[in-house]
Amino acid sequence: MVKDENPEETVDLFLRIGLDEKTAKNTVANNKVTTNLKAVINEAGVTDGCSKAVGNLLYTVATKFPVNALVHRPTLLEFIVSLKIKSPAQLEAAHTFLGRLGLENLQLNEFEEACGVGVEVSLDEIEQTVSRVLEEKRDTILEMRYRTNVGELFGQIRATHPWADPKIVKQVIDERLYGMLGERTAADNEKPVKKKKEKLPKEDVKVIAVQTPSISPTEEELNPFTIFPGPEENIKVHTEIFFSDRPVLRVCNTKEMLKKHMEATGSRVFTRFPPEPNGYLHIGHAKAMFVSFGLAKERGGCCYLRYDDTNPEAERQEYIDHIEEIVQWMGWEPFKITYTSDYFQELYDLAVELIKRGHAYVDHQSADEIKESREKKINSPWRDRPIEESLKLFNDMRMGLIEENKATLRMKQDMQSDNFNMYDLIAYRIKFTPHPHAGDKWCIYPSYDYAHCIVDSLENITHSLCTLEFETRRASYYWLLDALSLYQPYVWEYSRLNITNTVMSKRKLNKLVTDNWVDGWDDPRLMTLAGLRRRGVSANAINTFIRGIGITRSDNSTIRLDRLEYHIREDLNKTAARQMVVLHPLKVIITNLDDKTVLNLDAKKWPDAPADDASAFYKVPFTNVVYIDRSDFRTKDSKDYYGLAPGKSVLLRYAFPIKCTEVIYNDDGETIMEIRAECDLSKNTKPKGVLHWVAQPSPGVDPLRVEVRLFDKLFLSENPADLEAYLKDLNPESKEVIPEAFAVPSLREAAVGEKFQFERLGYFAVDPDSTPEKLVFNRTVTLRDSYSKGGNK
């Protein structure tokens, strides 16, 4: 896209159609939307301005109109300007109708009926429908009062009157609810009381979770793959390629081509997950897996795991092995594992064919010269060399007769295009490097831009799904397939996953690892899938998080880290048994309990543990020497403090109340060595504060010593990737190691990867660094939950 040369004039134009100033300026910053919106305004004939309502509809047309039906856009704009289509619901219906129609002839009567043109819903009709719906829901409404899900009521009414004015519908609903319920009371503003859940059978205890009220999920939340068309629809035009010197190319398959494809696939969906094996996968790849594997699974189709191994210098077997293993850990089963290198011969043969058709040439410019000529939009001096000459030279490249960097094969595209990715991209380069998978058979290797689309076609991919940064490559993708008369998959781009306080670039991740800023690719502070797994995050939590954010095209969206942490907590709350660990032990001697007494008390693994289920409890020894955390003791008490203090009582969880009677200091008179306390074995005392603790398992024997690692955000800034000196933004306190924490004896047999909730501290997982002599625990996430508290579930 060409950058707008008169942004101020364009902003004024957008203001004249009713956009607010912020929206107008943000739109101008997006070249694609700007180009589309200016074209829509001109087609609609409203360059002098229009109402805000019409302007908002025009903006929606510019951003959401189906590209396979551009021929019908002027008709839609006439309907909008003439106010035949005047609501977002009508416009959405119009887009759906025209998207299905494509290039076929438009029957106006069918179009008008589908969009509700001329349909007027009276106030009386709305009031009657609202009354009917509220009467049907009367019992629920009277119980829930103003906590009633109004969105659900609105949806039922819209199902009856899709073209009704939503503002009027909302106003009538509010009036009728007020008439039914009266004034809002203080109780209406309180959170609903959670119902006590029925105790579950023994085998179901572990999956008990606290449920929170939530609104009914939308159809897209239940099934985010409904946005994708079926394979049989891939005959429509959904992409246009604009050239500087020839007509527009409207990309689509012929009926014969699609028929052959459908026969090869059995009409099933075929997708692919195509990582480059040059590093470990991160959470962004988890979204790519969810989209491609998920679509195939939902439609009963197949998904390839295809290694995009066109660069032999960057790829290693370690990465190949890791990718296959982590894909399976994420819960996905590839239909087949393939490599781009499996198709090197076919790719070479097609390159020869491309030259024969006059669409490729051998170039002798250096990398710097190619870069400069592309920036200046200047043709290579070898662009128009004879076809036979390029065929001979390309064969010489294949036979190793030309040195590295002395020749490339370039595609003859459009050097004057508005799209930089049409400036004669490189198809092949010379590299005298053995290939990890193909060995030393080849000394020329295809580029991503050449190989990716062809292998998609050869594997009969129905849906080629990738992130939005590849959107500008769509023109090159289809140009090449069209030039070779190959089947064309349906291409769709979605927003890449960005998360705050981390980096997702493989280059930056590689630098963090190789320069030892972190402890390897599986460092728990990284958003690599190996790092998240080591930290204690499950594949289920990651997939649930990704499903929750959806598959959208909203670019430059960054998801807050606490949203991911919310889903991690939700998952661990169902699966992680409770245990007690003291990070910074402070010794407490219970003076009214003799040193030979050992009481084995029951502690709950789960909050709702049934009293008659022994497996839902674990034993904790209680002796006259217990340890509490140093942070739970103060020498000066206060009203808002619930820990232990001189003369104050607290309850030791699952045990007894204790009261501090004496504080023993070190020789310096400041450092507290131990606390003396009395225990209320009758439990008559009812203190407010409840503390976790660990006791000596038997007289004179220290509790189980474990190492605990606490992690914080790796970077201080929310968007460190935007910083030039991003390494200076590393959080110096992102990792804290506590070498001598005390744990209850039941943790002694914990296995690597096993997960627990340490009461009052968070969720933890056993790290692979653990030994028989000493366990190591990583904190997965704290118990705090800022995301759900903000109402952002």
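## A six-residue charge network

Asp-522, Arg-534, Glu-707, Arg-709, Asp-767 and Asp-769 are joined by salt bridges into one network. A salt bridge here is a side-chain nitrogen of Lys or Arg within 4 Å of a carboxyl oxygen of Asp or Glu. The whole structure holds 48 salt bridges.

## Basis of the model

This is a predicted model, in which local features need pLDDT of at least 70 and side-chain atom pairs count only at pLDDT 80 or more, while totals for chains, interfaces and linings use all residues. Residues are numbered from 1 along each chain as its sequence is written, and side-chain values use heavy atoms, with hydrogens and water left out.

## The chain as a whole

The chain contains 25 helices and 29 strands. Both are DSSP runs, numbered from the N terminus: helices are H or I with at least four residues, strands are E with at least two. The C-alpha trace spans about 100 × 80 × 50 Å along its principal axes.

Of the 793 residues, 50% count as buried. Buried means under 20% relative accessible area, exposed means over 50%, and partly exposed lies in between (1.4 Å probe, protein chains only). The chain exposes about 39,000 Å². Carbon and sulfur atoms supply 49% of that area. The areas come from the Shrake-Rupley method with a 1.4 Å probe; for residues, only the protein chains shown count as cover.

Contacts are heavy atoms within 4.5 Å. Among those between residues at least 6 apart in sequence, 70% join residues at least 24 apart.

The chain has 107 positive and 122 negative side chains. Lys and Arg count as positive, Asp and Glu as negative; His and the chain ends are not counted. The centres of the two sets lie 3 Å apart. Each charge is placed at NZ of Lys, CZ of Arg, CG of Asp or CD of Glu.

## Strand E28 and its two partners

Strand E28 covers residues 762-766. Five of its five residues are buried, so E28 is largely enclosed by the rest of the structure. Strands count as paired if DSSP finds at least two bridges between them.

E28 pairs with strand E27 (residues 755-758), antiparallel, through four bridges. Phe-758 stands opposite Gly-762 of E28. E27 and E28 form a hairpin with three residues between them. Arg-760 sits in the turn and has a positive phi of about 75°. E28 also pairs with strand E29 (residues 775-781), again antiparallel and over four bridges. There, Phe-764 has Arg-779 of E29 as its bridge partner.

## Individual salt bridges

Glu-353 pairs with Arg-357, with the closest N and O atoms 2.8 Å apart. Glu-353 is partly exposed at 28% relative accessibility. Arg-357 is partly exposed too, at 35%. Asp-515 and Lys-511 form another salt bridge, at 2.8 Å from N to O. Asp-515 has 37% relative accessibility and counts as partly exposed. Lys-511, at 33%, is also partly exposed.

The salt bridge between Glu-565 and Arg-569 has its closest N and O atoms 4.0 Å apart. Both residues lie in helix H24 (residues 561-575). They are four residues apart, about one turn of the helix. Glu-565 is partly exposed, with a relative accessible area of 22%. Arg-569 counts as buried, at 8%.
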